[in-house]
Amino acid sequence: MASHTSLSLKSTLAGLPPAPTTDVRGQVQYLLKNTDSKIPILVALDDDPTGTQTCHDIIVLTVWDVPTLISEFRTTQPGGGFFILTNSRALHPGPARVLITEICTNLKAASQETNTHFEIVLRGDSTLRGHFPLEAEAAEDVLGVANAWLLCPFFLQGGRYTIGDVHYVAEGDALVPAAQTPFAKDATFGYKSSNLREYVLEKSKGGIPQEKVTSLSLDTIRAGGKDAVLQQLTSVAKGTVIVVNAAAEEDVDVVVLALLEAARQNKRYLFRTGAAFVSARLGIAQIPPISAQKLDLSSAAGGLVIAGSYVPKTTAQLEKLRAMSGDKLTSVVIDVRRLLGSSELTLEETQRAIEVAEREIARGQDVLIMTSRELVTGADEAKSLDIGAAVAQALVSFLVGLTTRPRYVVAKGGITSSDMATKGLRMRRAMIIGQAAPGVPLWRCDEPTAKWPGLPYVVFPGNVGSAETLNEVVNRWSVEL
């Protein structure tokens, strides 16, 4: 397994072949709107809610029964798509496989009922955590073998670049190989390979042989353009995994343009990607972050931030938020070790948090509910996952028990935000209305069965933004009132 060194972001990007200068996304949009193109509807199975972070004006479902999917297929325009929140990253491998199998089986039944063609993107973490290749295998077991899998974790807003098949995470001006970041040390989904071709071999434990893994280089994408990409896409053998190199959104646009042409040739692919691929595939242009003024927020109640993520970036953001907010923010720290002690201690912790939040939100004060920052792990991957589930359940119990409606809710971390949306706020179908900050999606659920219909809900990924980003969102949504 080769070792890779950190690079200068600025000089590395400057040394690459020039990115496409034509409006490739505009060409994608034209094809998607052309009813003769016969482009399949895109269904993004999101292993946590943060995959919506580059999209707007698109639906996300948190349920997947056949009648719901039939309704969504009938209301989705040709060339469009929708998300299904699976939250599979919070599950053990066995239940995750069962879940993806169930969803794909229901999608297949709904598509047959509506005579709708669709394709799947398995949206995963841009820092490579999650059930790979398990989810792709489960999808193929139901939907049939694809012409190839595409692995594309590029995500510009989060500073994730794939160059020379090596996946990097930008930290300031440094491009750090992904396997050298804290994300690779994840107790459940850790890995050792920054080279994505080697990553495929590592995570498949040899199940995918080396000769079945190839890549689309930046030279092919930028110099050869759509035609060169299309030629490579359509010439690989079935069962091939194709790593997509990308250092700009235009690189993904070129690949998407080739994929849309391949779809017209009845080629079918399966995608494991970061968030950027979804918006590129749907031709979604970026818009500025949504302001408090646009949301018409009331100052009668305080805002609520719930933080369960333990990645170092989240901890740095919480420290900055607390330091900069001063007496404008009331913080409640839930002791994780007490949560794991007994059901009685868990109840005490959640009730204490509820009492403080009820009082402070009602008087217009912003409130932060956060777990203690000591990372408690289990003896193995499975036990670590169980600890995370127990913590998430305590945060859900807090939100379920809260009766005072806040001005907004910010949920920090993927698993946290999924559980808050589905179990705490009872969302079944929500609209992604935009972003609260770059890479930070904003949802709204208007269903009357939701806990608080119309409440702005921010899905704040644990690994996105600078140390100041969370404070900027909270501060901006207070100052603009």
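## Helices α7 and α8

The crossing of α7 and α8 is right-handed, a term used when the near helix is turned clockwise from the far one by less than a right angle, anticlockwise being left-handed. The axes of helix α7 (residues 218-235) and helix α8 (residues 249-264) come within 9 Å and cross at roughly 20°, which makes α7 roughly parallel to α8 (angles under 35 degrees count as roughly parallel, over 145 as roughly antiparallel, 65 to 115 as roughly perpendicular and the rest as oblique). Contact, meaning heavy atoms within 4.5 Å, involves residues of α7 including Leu218, Ile221 and Val229, and residues of α8 including Val254, Leu257 and Ala258. By class, this contact has 11 nonpolar, 2 polar and 4 charged residues.

## About the model

This is a predicted model, in which local features need pLDDT of at least 70 and side-chain atom pairs count only at pLDDT 80 or more, while totals for chains, interfaces and linings use all residues. Residues are numbered from 1 along each chain as its sequence is written, and side-chain values use heavy atoms, with hydrogens and water left out.

## Helices α3 and α4

Helix α3 (residues 66-75) and helix α4 (residues 93-114) pack with their axes 9 Å apart and at an angle of about 50°, and they are therefore oblique to each other. Their crossing is right-handed. On the α3 side the residues that meet α4 are Val66, Leu69, Ile70, Phe73 and Arg74, and among their partners in α4 are Asn106, Leu107 and Glu113. Sorted by class, the contact of α3 with α4 has 7 nonpolar, 3 polar and 2 charged residues.

In helix α2 (residues 24-33), Val24, Arg25, Gly26, Val28, Leu31 and Leu32 are buried, where buried means under 20% relative accessible area, exposed over 50%, and partly exposed in between (1.4 Å probe, protein chains only). These buried residues of α2 pack against α8 and α9 (275-281).

Thr469 is found in helix α16 (residues 469-479) and is buried, with a relative accessible area of 9%. Leaving aside its neighbours within four places in sequence, Thr469 is in contact with Gln317, Ala437 and Phe460.

## Cysteines

A search of the whole structure finds 0 disulfides, a disulfide being a pair of cysteine sulfur atoms within 2.5 Å. The sulfur of Cys55 lies 14 Å from the closest cysteine sulfur, in Cys152, which is too far for a bond. Cys445 is likewise in no disulfide, and the nearest cysteine sulfur, that of Cys55, is 18 Å away. Cys55 counts as buried at 0% relative accessibility, and Cys445 counts as buried at 2%.

Notes:
Axes are lines fitted to C-alpha atoms, for helices over the stretch in contact, and angles run from 0 to 180 degrees between N-to-C directions. Helices (H or I, at least four residues) and strands (E, at least two) are DSSP runs, numbered from the N terminus. Ala, Val, Leu, Ile, Met, Phe, Trp, Tyr, Cys and Pro count as nonpolar, Asp, Glu, Lys and Arg as charged, and the others, Gly among them, as polar.
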